[in-house]
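Here is a short briefing on salt bridges and strand pairing. Look at the model first, then read the points below.

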Amino acid sequence: MNLKAQGQQKENRIKRFYTIILKAGPFIFLIPNVFFTIQGFTTRYWADDYCLSGIIREYGFIHGLIEFYSTISNRFSAFIFSGFSELFGENAIKVISPLVIIFLGFILYRLFNELLSKYHIEQSKKISVLFSQILLFFVLLLAPNIHQSVYWRSGLSHYFLPIPIFLYLLLIIFFSKKTEKKDLYNEILLFFISFFTAGLSESYAALQMGAFGIALLFVLFIDKNIYRKCRLFLLGFALMGTAAAMGVMIVSPGNTLRLDTLQQASDIFSIMSISTTSAINFIILSIRGLWLPFGIMFGLFVLITYYFVRPSGYEIQTSVLFIFFFLISVVAFALIICICAPTAYGMMAFPEQRVLMLAQFVLICGISMEGVFLGLLFQKFLYTYQRIRLACLLLILIFYMYPLSTLDVRQSDLRYYLNRAALWDKRNAEINDQIAKGKINLSVSALDSFAEIAELRDDAGYWVNQCAAKYYEVESISAVEK
């Protein structure tokens, strides 16, 4: 066999290896992502869920929203979201987490596919599926407190639900139907979606304002696209919607009552100092404490980009890659500061773990995108070396083992949640049975609290017990060990 034939055989083997890696990756990451999704079906009413649903049952939706906004909280959209889910009955809470997880995976795919298709990347759909499954896996795996921020409806509405909606807004702004004219429909849609999403929490509203503000600067000074003017209008409406929601939250009587019990930062410099320190500490602690998953995620984006993402007929200048590599770090840091700012102002403290779900998402996206740009840089200088390309494929295959290594934890968590859901269902049946017998002062089985989410106690005056009594429309509930 001549050297040419041997070389061809070797090249064919590499191509088969290439195909296997590209096709196997999405399925490998899909396995733990399915576990994450199934676990969401075990969600039940916990703590604040009783309060929101109880207000709706007591006052109705409109009067309940007024009561909630006036006396309890300024996060009006969180109440609207919970009220909407209540329209579908008690079981609706079980499907919210899975639907949001699936929605996030779909939006990530859409964004990657739009970006890769724009630069005529071969097999852009397959690469987009792979990237979206990887990113979804690490967003869920590295959640600071997934129990509170993903599987608890009250936490999800504030800190996880906004993430896919935010990405959807970016999709509309930068990849909507191509037209050089103003699109009034998209502008109005952006205003109302931005208004609703910003009303889910102050931390997310700050992130949205910061992100759209930075995007506006990008379009004004860097973007040379022919649809630049359209993007400016869309961003303007999104910023107006965000500002309107922030104004509604600021003037909320419920917000005033809450702030009266806390110490606020005295000036803008104190807010900036506390939020910047919080952002730095968060980034350092996250990367230092989770160096292995962050390192594997970063390595995957570098290696997959290096080997698979090859722009066709489009040359990205090396200087541009270096500039964007640096800018991503600056933007991610600035956005994390924005997320920390409301807590710095309202409590002069480091954000709670469920709030840091937003910061972790920004950090994950920032590190992933830096991996993409580093992969493109390596591609420029190292792609001609066949041994390096082969080593790259082997490393990708090794890194694919990481999500599979987490399956024991996924199975353990799922068993725990299934058991807890069964206990909750048993207690719920117990409550409904007592109500059916005409009882209005109930004594039911107690459940242990978990993940710092409060549970019913033996004290009928405890706030969770009072909210649960409103939800079940009885006079009182106490939970005792049986």
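Glu114 is partly exposed, at 24% relative accessibility (buried is under 20% relative accessible area, exposed over 50%, partly exposed in between; 1.4 Å probe, protein chains only). Glu114 forms a salt bridge with Arg110, with the closest N and O atoms 3.9 Å apart (a side-chain nitrogen of Lys or Arg within 4 Å of a carboxyl oxygen of Asp or Glu). This is a predicted model: local features need pLDDT of at least 70, side-chain atom pairs count only at pLDDT 80 or more, and totals for chains, interfaces and linings use all residues. Residues are numbered from 1 along each chain as its sequence is written, and side-chain values use heavy atoms, leaving out hydrogens and water.

**Salt bridges**
- Glu114 and Arg110 lie four residues apart in helix 5 (residues 93–118), so about one helical turn separates them.
- Arg110 is partly exposed, at 31%.
- The whole structure holds 12 salt bridges.
- Glu58 pairs with Lys470 in a salt bridge, with closest N and O atoms 3.5 Å apart.
- That pair links distant parts of the chain, 412 residues apart: Glu58 is in helix 2 (residues 48–59) and Lys470 in helix 21.
- Asp49, Glu86 and Arg153 form a salt-bridge network.

**Strands**
- Strand 1 (residues 441–445) and strand 2 (residues 476–480) pair in the parallel sense over five bridges (strands pair if DSSP finds at least two bridges between them).
- Helices (H or I, at least four residues) and strands (E, at least two) are DSSP runs, numbered from the N terminus.
- Asn441 stands opposite Ser476 in strand 2.
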